[in-house]
Amino acid sequence: MSAPPAWQFYGRDFFVATRTLGAFGRGIYIDLLILEWENGPIDDDPEAVAKLCGEDLALVTHIWPLLRAKFTDEGAPPGKMINRRLEEVRQKQRVAHAARVSSGKAGAQKKYGPKLVKP
């Protein structure tokens, strides 16, 4: 399953959790969340992050310790990092999607019979 087109965004939680980042840091952070959502784990490297986000390396390097604290390398490939909360949301969406698919198939089988519904 490819990434769903969206995830629930809790503005208040984001605002509170990112107060120490300032506007620039919040902008980079949301860019990184979007990039991770779309492409999976992101590079654990300020130079790569600056390129990905189209920002000045010196500015990204300055804010890097605060940004990096929002991610973990646990569960990520070597040299990559993930945001644990974002991945928890992704997993919840996968589980919910699988449940909806299963329920839809069960309903179709009940209505149309098992021969007309793909397993």
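Arginine 90 sits over the face of tryptophan 37, at 4.7 Å from the ring centre. This placement, like everything that follows, comes from a predicted model.

The structure also holds four aromatic pairs. One of them joins phenylalanine 9 and phenylalanine 14 in a tilted arrangement, 5.1 Å centre to centre with 50 degrees between the planes. Phenylalanine 9 has a relative accessibility of 43%, so it counts as partly exposed. Phenylalanine 14 has a relative accessible area of 17% and is therefore buried.

In another pair, the ring centres of tyrosine 29 and phenylalanine 71 are 5.9 Å apart; because their planes meet at 80 degrees, the pair is edge-to-face. This pair links distant parts of the chain, 42 residues apart. Tyrosine 29 belongs to helix H2 (residues 22-39), while phenylalanine 71 lies in the loop between helix H4 (57-68) and strand E2 (80-81). Both tyrosine 29 and phenylalanine 71 are buried. Ring pairs connect Phe9, Phe14, Tyr29 and Phe71 into a cluster.

Tyr29 also has a place in the largest nonpolar core, which has 18 residues. Together with Ile28, Leu32, Val49 and Leu67, Tyr29 touches the most other members of that core. The elements that give two or more residues to the core are H2, helix H3 (46-53) and H4. H2 gives the most, with five residues.

Which residues does isoleucine 28 contact, leaving aside its neighbours within four places in sequence? They are Val49, Cys53, Glu55, Val60 and Leu67. Of these, Val49 and Leu67 are named above among the core residues that touch the most other members.

Technical notes:
Residues numbered from 1 in each chain as written. Predicted model: local features only at pLDDT ≥ 70, side-chain atom pairs only at ≥ 80, totals over all residues. Heavy atoms only, no water. Phe/Tyr/Trp six-rings, centres within 6.5 Å; stacked < 30°, edge-to-face > 60°. Buried < 20%, exposed > 50% of the residue type's maximum accessible area, 1.4 Å probe, protein only. Helix = DSSP H or I, 4+ residues; strand = E, 2+ residues; numbered from the N terminus. Lys NZ or Arg CZ within 6 Å of the ring centre and 35° of its normal. Core = buried A, V, L, I, M, F, W, Y, C linked by side-chain atoms within 4.5 Å. Contact = heavy atoms within 4.5 Å.
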